[in-house]
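Colleague: I'm new to this one, could you walk me through it? Please put it up on the screen before we start.

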Amino acid sequence: MEVSPETSATSTPGRARRADMKIGIIGAGNIGGNLTRRLTALGHDVSVANSRGPHTLKELADETGATPVRAEEAARGAEIAVVTVPLKAVPDLPSGLFDEAADGLAVIDTGNYYPQRDGRIAGIEDEGLTESRWTARQIGHPVVKAFNGTYAQDLLDRRRPAGDPERMALPVAGDDEAAKRKVRDLIEELGFDTVDAGGIDDSWRQQPGTPVYGLRGGVDAVTRALAEASPERPEEFRG
């Protein structure tokens, strides 16, 4: 969700729908649950996991047709995996989480650092790592930052066709251009424009407390908000 004044910020017009994908979702909270609902509705093969085990996901599975699995199985064969758990839970994710994923796996990080919930994270507070850079180090895989400032209900209610004047734009940051392109295509399929927000070290522009966080705007508004962000973490988001 970020971009500096020097960073390219563009929206790609609606592309032809790509083939259905295998997608793993790790975390079944508000964002994870609604992504499960939308992605299954679009015909993707979704596996979903949480920290409590597949038996607790029966209702979501019955509603959507997604496959409930253990966390260590969620990314098996996946082209895209979504990590949508509280930051404090990231170090406890299973090791080798992505060992059996498809080649070219793109990992989406939706997480935000809330010290009141997550406790103080030294890598973010003292080393100055962006939240997604810290997460990537914990899980041992590059990530693409997306959905972290999106209201979960908007995933269901505010999707619009390409070209609609009310279509929202979401910022997407990542170092791997191929992975970022894959994620942007998926978001556009979900019914939202995208703005290229630069690399993961730029992703402070879309962290909590920045102008773009929670913004329900189009490409121009999101681009402006990213450019207006300050690198100084707001006091309420410090541990």
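Predicted model: local features only at pLDDT ≥ 70, side-chain atom pairs only at ≥ 80, totals over all residues.

Colleague: OK, so is glycine 53 buried or exposed?

Modeller: Glycine 53 has a relative accessible area of 14%, so it counts as buried. Its place is in the loop between S2 and H2, where helices (H or I, at least four residues) and strands (E, at least two) are DSSP runs numbered from the N terminus.

Colleague: What about pockets, how much space lies in the largest pocket?

Modeller: The largest pocket holds about 790 Å³ of space. On a 1 Å grid over the protein atoms alone, a pocket is an open set of points with protein on both sides within 12 Å along at least five of seven lines, a cavity is a set of points where a 1.4 Å probe fits but cannot get out, and lining residues have an atom within 4 Å of a point. Grid points are joined across faces, edges and corners, and a volume is the space filled by probe spheres set on the points.

Colleague: And which residues are closest to the centre of that pocket?

Modeller: Of the 38 residues lining the largest pocket, Gly29, Asn30, Thr84, Val85 and Pro86 are the closest to its centre. By class, the lining has 16 nonpolar, 17 polar and five charged residues, where Ala, Val, Leu, Ile, Met, Phe, Trp, Tyr, Cys and Pro count as nonpolar, Asp, Glu, Lys and Arg as charged, and the others, Gly among them, as polar.

Colleague: Which helix gives the largest share of the lining?

Modeller: That is helix H1 (residues 30–41), with five residues. H1 has twelve residues and reaches 17 Å from its first C-alpha to its last, close to the 16 Å expected at 1.5 Å a residue; the expected span is 1.5 Å times one less than the number of residues.

Colleague: Why is H1 largely enclosed?

Modeller: Nine of the twelve residues of H1 are buried, so the helix is largely enclosed by the rest of the structure. Among those buried residues are Ile31, Leu35 and Leu39, and what covers the buried residues of H1 includes strand S1 (22–26), strand S2 (45–49) and helix H2 (58–64). Glycine 43 follows H1 and has a positive phi, near 100°.

Colleague: Now H7, how many of its residues are buried?

Modeller: Ten of the 14 residues of H7 are buried, so H7 too is largely enclosed by the rest of the structure. At the N-terminal end, aspartate 176 caps H7, with a side-chain oxygen 2.9 Å from the backbone nitrogen of alanine 178; a polar contact is a pair of N or O atoms within 3.5 Å, and within protein one must be able to donate a hydrogen and the other to accept it, while residues adjacent in sequence count only if both atoms are side-chain atoms. Just after H7, glycine 191 takes a positive phi of about 110°.

Colleague: Switching topic, where does glutamate 131 lie?

Modeller: Glutamate 131 lies in helix H5 (residues 131–139), and at 0% relative accessibility it counts as buried. A polar atom of its side chain lies 3.1 Å from the backbone nitrogen of tyrosine 113. Leaving aside neighbours within four places in sequence, the residues in contact with glutamate 131 (heavy atoms within 4.5 Å) include Gly111, Lys145 and Arg233.

Colleague: You mentioned Gly111, so what is its relative accessible area?

Modeller: Glycine 111 has a relative accessible area of 4% and is buried, in the loop between strand S5 (106–109) and helix H3 (115–118).

Colleague: Last one, what volume has the largest cavity?

Modeller: The largest cavity has a volume of about 60 Å³, and 13 residues line it, with Gly149, Thr150, Met168, Leu170 and Leu215 nearest its centre.

Definitions and conventions. Residues numbered from 1 in each chain as written. Heavy atoms only, no water. Buried < 20%, exposed > 50% of the residue type's maximum accessible area, 1.4 Å probe, protein only.
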